[in-house]
Amino acid sequence: MFETVCALIADQLKIDPKTIKPESRLLEDLKADSANIMMLIMDVESELGIIVDDDALMRLKTVGDVVKYLESKQ
């Protein structure tokens with residue numbers, strides 16, 4: 001799951017997936033903005049068939065948070 005999330009983030013943010021770590025913060029470290037986050041969520045929902053709850057978005061601060069959340073939804 002981590003590799004899939006990294007690939008989606010790297011594609012969305014146009015960065016090297018090797019630079020993404022579980023502890024990478026989406027906003028501060030990876031420089032994602034709210035539009036990037038929304039597109040990433042749409043990509044995740046499309047790619048993995050998992051619906052991301054709107055209230056969960058506020059709790060997902062790191063790449064690891066995203067991975068744990070998605071794993072809990074499978």
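Author: Happy to! Let's begin with Asp-29, which is partly exposed at 38% relative accessibility; here buried means under 20% relative accessible area, exposed over 50%, and partly exposed in between, with a 1.4 Å probe and protein chains only. Asp-29 pairs with Arg-25 in a salt bridge whose closest N and O atoms are 2.9 Å apart. That term stands for a side-chain nitrogen of Lys or Arg within 4 Å of a carboxyl oxygen of Asp or Glu. Arg-25 is likewise partly exposed, and its relative accessible area is 38%.

A word on the basis: this is a predicted model, where local features need pLDDT of at least 70 and side-chain atom pairs count only at pLDDT 80 or more, while totals for chains, interfaces and linings use all residues. Residues are numbered from 1 along each chain as its sequence is written, and side-chain values use heavy atoms, leaving out hydrogens and water.

Next comes the salt bridge between Lys-73 and Asp-53, at 3.2 Å from N to O. Lys-73 belongs to helix 3 (residues 63-73) and Asp-53 to the loop between helix 2 (34-48) and helix 3, so this pair ties together parts that are 20 residues apart in sequence. Helices here are DSSP runs of H or I with at least four residues, numbered from the N terminus. Lys-73 is partly exposed at 37% relative accessible area, and Asp-53 is partly exposed at 33%.

Finally, Asp-55 and Arg-59 join their side chains in a salt bridge at 3.7 Å, N to O. Both of these residues, Asp-55 and Arg-59, are exposed. By this rule, the count is 3 salt bridges.

Conventions. Helices (H or I, at least four residues) and strands (E, at least two) are DSSP runs, numbered from the N terminus.
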